[in-house]
Amino acid sequence: MASMISTDPSFSATARLLPFTRFSNGVVSLRRFVGPLHVGLLNPTFPRTLSLNSIRSSRFITAAMATEQSAKVIDGKSVAKQIREEISAEVLKMKDAIGVVPGLAVILVGDRKDSATYVRNKKKACESVGINSFEVHLPEDASEQEVLKSISDFNDDPSVHGILVQLPLPSHMDEQNILNAVTIEKDVDGFHPLNIGRLAMRGREPLFVPCTPKGCIELLHRYGVDIKGKRAVVIGRSNIVGMPAALLLQREDATVSIVHSRTKNPEEITRQADIIISAVGQPNMVRGSWIKPGAVVIDVGINPVEDASSPRGYRLVGDVCYEEACKIAAAVTPVPGGVGPMTIAMLLSNTLSSAKRTHNIK
Ligand code: NAP
């Protein structure tokens with residue numbers, strides 16, 4: 001994997017956890033029910049099979065939702081918790097059925113404190129759902145060959161179903177070369193060019209989708225947000241978030257525009273969107289005036305800003321000015337507590353789906 005960022009912007013993907021199966025006759029069957037914990041977006045008395053028309057009703061977030069009220073909060077923390085419970089149950093089932101436990105291997109190079117924290121959090125997350133974790137910690141001055149050897153060992157180890165390389169790597173290493181060495185079957189971060197290439201191609205399926213963008217789409221699905229035919233704007237085009245998020249939205253039949261640092265009139269373009277995914281790394285860049293009334297806003301940004309009232313001296317904010325977005329959007333993810341917790345949940349989910357694929361379990 002390749003992780004960077006603050007609250008563990010590790011990235012990774014699943015067997016589709018998305019809650020709806022859409023059939024060609026327009027009927028949608030609810031595969032998993034997030035439940036009433038989501039601020040009333042889903043009605044607890046919700047039928048198990050719905051027509052698309054009923055989904056467009058007020059139980060769900062749609063771009064047409066009235067906006068006099070403040071936005072619904074898309075509670076990534078609760079959704080991630082629910083997903084982890086689902087994974088935990090599946091891990092147990094797999095162990096009982098065939099005696100196999102999914103395994104995730106993490107390679108950490110150097111002594112960066114933030115990287116060490118992310119790796120520790122991933123190990124803890126694995127433990128919490130019963131996934132085995134393996135770690136190799138190499139010194140800062142390790143050679144690229146040593147990292148490649150560790151990857152090769154994990155590639156060959158049948159008890160390992162997912163491999164992540166914690167980023168950033170020391171500057172003397174060729175990151176591309178190292179990430180390419182992870183076998184595509186264990187590329188739970190979904191960063192291998194073959195996985196990204198398949199994501200981009202029609203009729204091809206990636207084995208894994210990068211975790212953070214996958215988490216964004218999962219949130220949209222679990223909140224019943226209609227994507228098909230909607231206008232979506234992704235702000236940011238990084239390999240790990242913006243670009244795969246745009247590809248995923250396109251696969252879901254949204255009409256997608258990408259805004260980046262050279263885009264002219266980003267505000268005007270963004271204001272056309274029914275769905276905004278922002279992954280920029282600029283605190284509060286997306287103001288209320290950028291948002292179309294009733295849009296759904298997914299804020300990936302995690303930006304530390306000074307805050308003398310916080311014991312740490314700073315607090316984390318998103319790319320989107322949350323207070324303003326709340327007044328105009330239909331729904332918005334908070335920072336923290338939105339996309340962040342979904343990233344690790346998707347990593348666990350990718351590891352489980354890898355183990356299931358290896359052992360031919362549906
Ligand atoms: P990145 O690699 O730095 O990419 C930032 C992207 O934003 C680039 O495509 C850049 O455009 C674009 N950009 C920069 N300034 C802009 C501006 N003023 N207007 C429009 N576009 C602009 O960052 P990243 O790794 O994708 O991460 C983005 C943010 O998401 C960060 O805050 C990061 O901490 C956060 N993140 C969170 C999670 C999570 O789990 N919640 C995971 C990953 C990342 P160019 O391509 O033109 O340079």
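pLDDT is the predictor's confidence in each residue, on a scale from 0 to 100. The structure treated here is a predicted model.

**Exercise 1.** State how confident the model is across the protein chain, and where confidence is lowest and highest.

Solution. Start with the chain as a whole: the average pLDDT is 85, and 81% of the residues score at least 70. Next, take the secondary structure elements. Strand 3 (residues 49-51) has the lowest confidence, with a mean of 29, while strand 8 (residues 231-235) has the highest, at 99. Finally, look at residues 1-59: pLDDT stays under 50 there, and the model has 185 contacts beyond four places in sequence for this stretch.

**Exercise 2.** Describe the largest nonpolar core and the surroundings of I131.

Solution. The largest nonpolar core comprises 58 residues. I87, L104, I131, L220, L249, I277 and L348 have the most contacts inside it. Helix 11 (residues 340-358) gives the most to this core, namely 8 residues. Another core, of 18 residues, lies apart from it and includes I107, V109, L169 and I178. Now take I131: with neighbours within four places in sequence left aside, its contacts include I87, L104, L348 and T351.

Conventions. Residues numbered from 1 in each chain as written. Predicted model: local features only at pLDDT ≥ 70, side-chain atom pairs only at ≥ 80, totals over all residues. Heavy atoms only, no water. Core = buried A, V, L, I, M, F, W, Y, C linked by side-chain atoms within 4.5 Å. Buried < 20%, exposed > 50% of the residue type's maximum accessible area, 1.4 Å probe, protein only. Helix = DSSP H or I, 4+ residues; strand = E, 2+ residues; numbered from the N terminus. Contact = heavy atoms within 4.5 Å.
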